[in-house]
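Me: I am new to this structure and would like to go through it step by step. Please show it, and then I will ask.

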Amino acid sequence: MPSPLQRICWQGIQFDHPADWELTRFSGPGESGRCLLADRFFQRLDIHWQALNFAPQLDLLIEKYRKNETEDSRSVPLEGCPAPWRGLLRRTPKGNFIQAARTFPQQQMLVEATIVWPDTRQVELERAILASVTLMPPGPARLWQAMGISATIPTDYQLRSVSTKVGRIRWEFVAGKNILPRIAVERIAMPEFWLKGPLRDWLAKELPPRHELKRQELAIWGNHRGEQLICRSSAGTLARLRGRWRMRLDMAWQCELENRVYHLEFEKLSADGDLVLPELLAVHCCRQGPAFDSASRRERPTR
Amino acid sequence: MKPSRQKELHSPVTAVTFLRAVPYVNRAMEITRRPDGGALVAIPIPRPKLIFPPLSWIFPVSSHRRVELEPLGTVVLDLCDGRRTVEGVIEKFAADHKLSFREAQLSISEFLHQLVARGLVAIVGGGKVSQST
């Protein structure tokens with residue numbers, strides 16, 4: 001029975017994949033886009049995308065694919081794939097390989113996909129995957145969804161780093177070239193083993209040194225009860241003379257359904273006082289709507 | 001050792017082979033459970049031939065190697081019951097802790113290799129034999 005499809009949204013592109021194919025490699029900040037997915041045993045789907053300043057000729061690209069042919073493989077044009085995808089089907093003793101490409105002319109984007117079928121080729125699934133590859137629509141905020149995290153981040157924030165320790169995924173975004181303002185989203189597995197006390201104690205311990213705690217309180221986002229704290233640290237002599245501090249807001253909540261702790265950080269240079277979160281910032285958990293979003297936070301009073 | 005056997009032992013282990021192999025715990029080891037869920041495991045080790053009295057009175061040599069396991073490590077060791085494959089161990093661990101297969105696979109594969117190196121577990125099957133002490 002085929003597993004249900006899941007969606008990955010990464011660096012401006014989105015596509016569907018079977019739930020048992022998991023992301024094993026992905027492009028970081030400043031790299032051309034790539035997502036590599038594998039099942040338990042084999043690499044299954046590899047998607048590359050890059051913006052070009054010219055219109056690529058798919059015929060030449062497919063000819064290049066054909067040159068990779070070995071003695072024991074036989075390539076035929078890929079038939080019935082959703083337009084405007086074009087590609088090759090390569091039959092080898094180890095299985096079938098699909099190499100396909102398409103362009104998005106308006107955005108001058110070239111997308112290439114490789115699908116590996118080690119045993120039976122599932123044509124319908126293959127077509128569904130190719131048809132689902134689209135560019136994210138432009139807008140003030142963009143959805144990032146992969147590795148279990150789903151977050152809507154304002155478009156002016158760019159990915160700065162990704163950390164994928166076992167059971168602990170962390171994405172960091174910055175607006176512009178400076179390190180501030182900064183948003184970090186973290187999702188941590190197996191809290192029953194490492195969360196020995198209340199969430200508030202853990203959150204306070206997560207703060208870097210030389211941060212002065214201003215306020216810590218219980219808060220409710222969606223159907224989750226969590227903790228939030230505001231602290232500040234020095235941003236240098238000049239900034240201090242201008243009355244500006246590195247203000248930092250930390251939020252954490254435990255999603256019982258996913259058995260994960262979510263941790264959201266927002267840091268910016270600002271005058272001492274409350275922090276205003278970026279509009280449209282949202283972190284989704286339980287996959288039933290946002291657990292936290294900056295708009296609802298202002299409406300719902302904290303406890 | 002026959003060349004074919006040697007070749008088999010040193011051939012690279014593929015993901016398929018490893019996942020389909022079965023981890024067995026060392027029957028000679030003694031496990032002392034701790035209240036926090038962790039465990040202290042003592043594995044008998046051969047006594048060095050050159051250490052005998054009175055030398056052994058001056059340089060006492062332990063007859064056991066002791067390995068301390070955290071609660072999560074103990075859970076994984078308990079899952080190695082000689083019936084489950086590595087894939088089965090990962091599946092069970094992932095299901096119990098709401099992890100994806102890949103998340104559990106990375107940590108458990110690494111941990112099983114450490115257990116093999118310390119002689120707690122031997123992984124058998126799929127054409128590859130990983131022998132513990």
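**Questions on the structure**

Reply: Chain A carries 44 positive and 35 negative side chains. The centres of these two sets lie 4 Å apart. The model is a predicted one.

Me: How many helices and how many strands does chain A have?

Reply: The C-alpha trace of chain A spans about 70 × 45 × 30 Å along its principal axes. Within chain A the count is 6 helices and 21 strands.

Me: What percentage of the residues in chain A is buried?

Reply: A residue counts as buried under 20% relative accessible area. Chain A has 303 residues, and the buried part of them is 51%.

Me: Among contacts in chain A with a separation of 6 or more, what percentage comes from residues 24 or more positions apart?

Reply: The contacts in question are those of chain A with a separation of 6 or more. Residues 24 or more positions apart account for a share of 48%.

Me: How many disulfides does a search of the whole structure find?

Reply: A disulfide is a covalent bond between the sulfur atoms of two cysteines. The cut-off for the pair of sulfur atoms is 2.5 Å. Over all chains, the search finds a total of 0.

Me: How far from C35(A) is the nearest cysteine sulfur?

Reply: C35(A) is in no disulfide. C35(A) is buried, with a relative accessible area of 0%. The nearest cysteine sulfur belongs to C9(A), at a distance of 9.9 Å.

Me: Which cysteine has the sulfur nearest to C286(A)?

Reply: C286(A) is buried as well, at 12% relative accessibility. C286(A) is in no disulfide, and the nearest cysteine sulfur is 3.1 Å away. To count as a disulfide, the two sulfur atoms would have to be within 2.5 Å. The cysteine with that nearest sulfur is C255(A).

Me: Which side chain of chain B makes a polar contact with the side chain of R260(A)?

Reply: R260(A) lies in strand β19, residues 260–271 of chain A, and is buried at 3% relative accessible area. A polar atom of the R260(A) side chain also lies 3.2 Å from the backbone oxygen of E258(A). Residues of both chains touch R260(A), among them W253(A), C255(A), H97(B) and L99(B). The polar contact with chain B is 2.9 Å, and the side chain there is that of E103(B).

Me: Which residue with a positive phi follows helix α5 of chain B?

Reply: Helix α5 covers residues 86–96 of chain B, and its buried residues include V86(B), I90(B) and F93(B). Among the elements of chain B that cover these buried residues are α2, β1 and α6. After α5(B) comes a residue with phi near 55°, K98(B).

Me: Which residue is joined to P84(A) by a cis peptide bond?

Reply: P84(A) sits in the loop between β6 and β7 of chain A. Omega of the cis bond is near 0°.

Me: Where in chain A is P181(A) found?

Reply: P181(A) is joined to L180(A) by a cis peptide bond, with omega about 0°. Its place is the loop between β14 (168–175) and β15 (182–189).

Me: What is the phi of M147(A)?

Reply: M147(A) is in the loop between β11 and β12 of chain A. At 18% relative accessibility, M147(A) is buried. This residue is other than glycine, and its phi is positive, near 55°.

Me: Is N259(A) buried or exposed?

Reply: N259(A) lies in the loop between β18 (244–255) and β19 of chain A. Phi of N259(A) is positive, near 55°. With a relative accessible area of 14%, N259(A) is buried.

Me: What distance separates the C-alpha atoms of L135(A) and I149(A)?

Reply: L135(A) belongs to strand β10, residues 134–135 of chain A, and is buried at 15% relative accessibility. Residues that L135(A) touches include I13(A), F104(A) and M109(A). L135(A) and I149(A) are 14 residues apart along the chain, and their C-alpha atoms are separated by 19 Å.

Conventions
Residues are numbered from 1 along each chain as its sequence is written. Chains are lettered from A and ligands numbered from 1 in the order in which they are written. This is a predicted model: local features need pLDDT of at least 70, side-chain atom pairs count only at pLDDT 80 or more; totals for chains, interfaces and linings use all residues. Side-chain values use heavy atoms; hydrogens and water are left out. Buried means under 20% relative accessible area, exposed over 50%, partly exposed in between (1.4 Å probe, protein chains only). Helices (H or I, at least four residues) and strands (E, at least two) are DSSP runs, numbered from the N terminus. Contact means heavy atoms within 4.5 Å. Lys and Arg count as positive and Asp and Glu as negative; His and the chain ends are not counted. The place of a charge is taken as NZ of Lys, CZ of Arg, CG of Asp or CD of Glu. A polar contact is a pair of N or O atoms within 3.5 Å; within protein, one must be able to donate a hydrogen and the other to accept it, and residues adjacent in sequence count only if both atoms are side-chain atoms. Lists of a residue's contacts leave out its neighbours within four places in sequence.
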